[in-house]
Amino acid sequence: MSQPELTLVLIGFGNVARRLLRLLEESADRLDFTWQVVAISTKHHGSVIDMAGIDVTRAISTVEGRQSLDRLDPTPHERSGIDVIRQVAEAAADEAAEGRLVCLETTVLDIDRGEPAVSHVRAALEGQAHVVTANKGPVAFAYHELEALAESVDRIFFFEGAVMDGVPVFNLVRETMPAITIDGFRGVINSTCNFILSELERGQEFDMALAEMQARGIAEADPTLDLDGWDAAAKTAALVNVLMGSAMTPHHVARTGIREVTGLDVRDAIARNRRIRLVASATRHGGKVRAVVEPEELDHHDPLANLVGLENALYLHTDLLGEVGIVQRTGSLTQTAYALLSDLARISQRLRDF
Ligand SMILES: NC(=O)c1ccc[n+]([C@@H]2O[C@H](COP(=O)([O-])OP(=O)(O)OC[C@H]3O[C@@H](n4cnc5c(N)ncnc54)[C@H](OP(=O)(O)O)[C@@H]3O)[C@@H](O)[C@H]2O)c1
């Protein structure tokens, strides 16, 4: 079969989406699909719909030059992300029916209700598009509803980039662990907090370490979401919803962030051969799941204690395999972009399998 061509709609065009487009171009000779972007929607940089295909290099330089994408649109006008999705779903009805239309949702995390990302995903699935997202909101707030909708319209809803970037967590369990029950997990899953704690150990200032994470595009757009543990709580809710079959939102996670942790605290712990890390965990008790995000002082034998800088790890507690560990030694925008690329590749594989 010839290579499928995916028609892409980008809702959100920030660090992750722009890195993804560059990565798709850099990886062209490794991909078993081709692609074309027909729409991009942002909050403050306008939107563009061009069913003939958008020049992505120009779109990237337009946004990085702080200009509006409207200037690339044949018929520019103000529209929301939902308007863009609906307009493209109508204009690309053939591609949608053939399963070649994909919505890439990379807007920022909204910690109140996961909106408007949840509505973006819903609208895309209703328009028969597959959805790939790096945004934790949809899976942390509405996983069961959106997965049921995706199944009912025979489309894919993938979100590998929501936890630990491109290192497989959801896809690993889905693809390689049939018949396993996950009864809990424990992990370090927020890179910004782990980097700050590691830098404090080296005598660096809290604010300087945070500024570095912001400069590298790794901190959340609103960094209080990292510092107050909300990002880790959203990931924890996502993991509980998908891997443990329970239904919770980030607001059900007992949460303490790292704002109160000082350089003195972390260096005092090190002097006692211990380390402070922001730990996310969930355990099933009877029919109920309890989830917690909090700084813990860990013994140096604990594998989570040895994670420094951008390293993350997640240990799943399973019934048939015991404890299974997934470790991410390096984190970067490329890894997040790879998560989206790998989800696109799986959609392409599905098209080829038909
Ligand atoms: N950066 C990472 O390392 C990383 C890692 C894993 C997961 N993620 C997740 O990936 C997502 C994107 O991250 P990022 O670093 O690319 O964020 P970002 O650089 O802040 O970009 C966010 C994009 O979303 C747009 N946007 C916000 N609200 C919107 C709305 N209502 N409708 C349409 N567009 C909207 C923004 O437009 P304007 O710029 O015009 O405001 C911007 O283009 C986030 O959910 C984040 O949590 C990021």
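How many salt bridges does the structure hold? I find 25 salt bridges in the structure, a salt bridge being a side-chain nitrogen of Lys or Arg within 4 Å of a carboxyl oxygen of Asp or Glu.

**Entry 1: basis.** I note that this is a predicted model, in which local features need pLDDT of at least 70, side-chain atom pairs count only at pLDDT 80 or more, and totals for chains, interfaces and linings use all residues. Residues are numbered from 1 along each chain as its sequence is written, and side-chain values use heavy atoms, with hydrogens and water left out.

**Entry 2: domains.** I looked up the division of the protein chain and found domain 1 (5-165 + 334-353) and domain 2 (176-329); the bounds come from an automatic or database domain assignment. I recorded 28 Å between the C-alpha centres of domain 1 and domain 2.

**Entry 3: polar links between the domains.** I find 9 residue pairs in polar contact across the interface of domain 1 and domain 2, both residues at pLDDT 80 or more. A polar contact is a pair of N or O atoms within 3.5 Å; within protein, one must be able to donate a hydrogen and the other to accept it, and residues adjacent in sequence count only if both atoms are side-chain atoms. Helices are DSSP runs (H or I, at least four residues), numbered from the N terminus.

Entry 4: I count 2 salt bridges between domain 1 and domain 2. I also examined Glu 220 and Lys 136, which form a salt bridge with their closest N and O atoms 3.3 Å apart. The pair links distant parts of the chain, 84 residues apart: Glu 220 lies in the loop between helix H9 (206-215) and helix H10 (224-227), and Lys 136 in helix H6.

**Entry 5: the ligand.** Which residues come nearest to the ligand? Of the 27 residues around the ligand (a heavy atom within 4 Å), I list Phe 13, His 44, His 45, Thr 107 and Glu 220 as the nearest. A backbone N or O atom of His 44 lies 2.5 Å from an oxygen atom of the ligand.

Definitions and conventions
Helix = DSSP H or I, 4+ residues; strand = E, 2+ residues; numbered from the N terminus.
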